[in-house]
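Here is a short briefing to read alongside the viewer. Keep the sequence and the 3D view open, and follow the points topic by topic.

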Amino acid sequence: MGQDVVFSPFTLKNYRLKNRLGVAAMTRMSSPGDSIPRKDVLAFLVRRATNGAAIVLTEGIVTDYESAQGYPRQARLLTQRQIDAWKPVVKSIRDAGAVAIAQLFHCGRVAWPEVNPAGRIIAPSAVAPKQKNPLTGKLYPVPDEMSLFDIEHVVRGFVETAKGAMAAGFDGVEIHGAHGYLITQFLSTYSNQRTDDYGGPVENRFRLAREIIRAVRPVVPADRLLTFRVSNWGIADMEVSLFHSKEEWQEVIRLLSAEPVDAISVSTYRYADKAFGTEKTMAGLTRDATKLPLMICGQIHDRATCEDALKDADIALSAKSMLLNPNWVEDVRQGKTLPLHKSSEANVAYTETPLP
């Protein structure tokens, strides 16, 4: 694609991106009250847009006031006060020439009852992660297996939150189907042991994702974006491959590509790792199964890794580098030597420390 691919424009549906770099969505715990993030956290998103990011994804926004929340102090977009808090942020991102996307998610079994208004945890099956919750030091509780009523309630939560995002002026929404959160819990047999229409074959395990996409799409205008994030790893039991094979992964991608989504975002530990015993990366295997635009993230930290990642994807997203370096986009443009940050350095995202 040439030497200037990183800073070449890209058309994503109706949007002309000024370059191929974006701010990856990051889970945050920054709301001092009313599920509205701190001002410095909102300002962080605006500054990254002002400093050159072409696409800005919000932190994960939980989708209801019942069971979606997995961490303390998470954001929502369900009330007028919350919508009004986001409006000037979104306008500033767009005024800076970037595309603003709200990421929507439900934590499912990766939660503990004390942070949920309903005081319960739900998941496709009554199966808890094996590791301890790093925030509580205790084992995750066994979740309630979701009933059909629970599933319908979850779908409505995504719809109502998407409505809130549109009212706030976002250019689109991303459905978070990655990292072992609720949608992934349905997609993977590691957490889904159901024997009804939501369990068993890939087609059945994909059913919740399909229902959410088809319910959300009508409330997101046709000229705005609907993207979907997917991964082969979860934030709990991180060493586990959530899909068994490249064939299973690609079947999910093909099912996803048949739905009314505008792009797929692939999240990895390391974008360059070969996947499922093949000689291809996760992005490469995904590209083989879809014609949709692809976003990729996972240890993309300097000019060389950006260029390499874009061999199999259209947009390179950065989390830690964007979080810790407000000038990252320009530093990449100049080809500066840049550090590959450790995960521990990103813990600033979960503290009261103002972001740079």
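Phe243 has a relative accessible area of 1% and is therefore buried, since the cut-off is under 20%. Its ring partner is Trp249: the two form an edge-to-face aromatic pair, 5.4 Å centre to centre with 80° between the planes. Trp249 is buried as well, with a relative accessible area of 0%. Please bear in mind that this is a predicted model.

**Aromatic pairs**

- The structure holds 6 aromatic pairs.
- In one of them, the ring centres of Tyr71 and Tyr181 are 6.5 Å apart and the planes stand at 80°, so this pair is edge-to-face.
- The pair brings together distant parts of the chain: Tyr71 belongs to the loop between β4 and α2 (80–95), Tyr181 to the loop between β8 and α4, and 110 residues separate the two.
- Are these two tyrosines buried or exposed? Tyr71 counts as buried at 12% relative accessibility, and Tyr181 counts as buried at 1%.

**Charges over rings**

- Arg76 lies over the face of Tyr65, at 4.2 Å from the ring centre.
- Arg207 places its charged end over the ring of Tyr198, 5.9 Å from the centre.

**The barrel**

- How do the strands close up? There are 8 strands in the barrel, in the order β3-β4-β5-β8-β9-β10-β11-β12, with parallel pairing.
- On average, neighbouring strands of this sheet are turned by 25° against each other, direction ignored.
- Strand β3 (residues 21–23) pairs with strand β4 (residues 55–62) in the parallel sense over 2 bridges, and Val23 has Val56 as its bridge partner in β4.
- β3 also pairs with β12, in the parallel sense over 3 bridges; here Gly22 stands opposite Leu317.
- β12 pairs with β11 too, again parallel and over 3 bridges, with Ala316 in β12 as the bridge partner of Ile296.
- To get from β11 to β12, the chain passes through helix α9 (residues 303–309), and this β-α-β crossover is right-handed.

**Strand β12 and its two faces**

- In a regular strand the side chains alternate between the two faces of the sheet.
- Strand β12 (residues 315–318) is covered on both faces. Ile315 and Leu317 are buried on one side, while Ala316 and Ser318 are buried on the other.

**Covered helices**

- Which residues of helix α8 are buried? They are Met282, Ala283, Gly284, Leu285, Thr286 and Ala289.
- That is 6 of the 8 residues of α8 (residues 282–289), and the helix is mostly covered.
- The elements covering the buried residues of α8 include β9 (225–234), α7 (246–257), β10 (263–267) and β11 (294–297).
- In helix α6 (residues 207–216), the buried residues are Leu208, Ala209, Arg210, Ile212, Ile213 and Val216.
- An α-helix has 3.6 residues a turn, so residues three or four places apart point the same way.
- Among the elements that cover the buried residues of α6 are α3 (148–167), β8 (172–179), α4 (182–187), α5 (202–205), β9 and α7.

Terms used
Residues numbered from 1 in each chain as written. Predicted model: local features only at pLDDT ≥ 70, side-chain atom pairs only at ≥ 80, totals over all residues. Heavy atoms only, no water. Pairing = 2+ DSSP bridges. Helix = DSSP H or I, 4+ residues; strand = E, 2+ residues; numbered from the N terminus. Axes fitted to C-alpha atoms, helices over the stretch in contact; angles between N-to-C directions. Buried < 20%, exposed > 50% of the residue type's maximum accessible area, 1.4 Å probe, protein only. Contact = heavy atoms within 4.5 Å. Phe/Tyr/Trp six-rings, centres within 6.5 Å; stacked < 30°, edge-to-face > 60°. Lys NZ or Arg CZ within 6 Å of the ring centre and 35° of its normal. Right-handed = clockwise from strand over helix to strand, strands pointing away.
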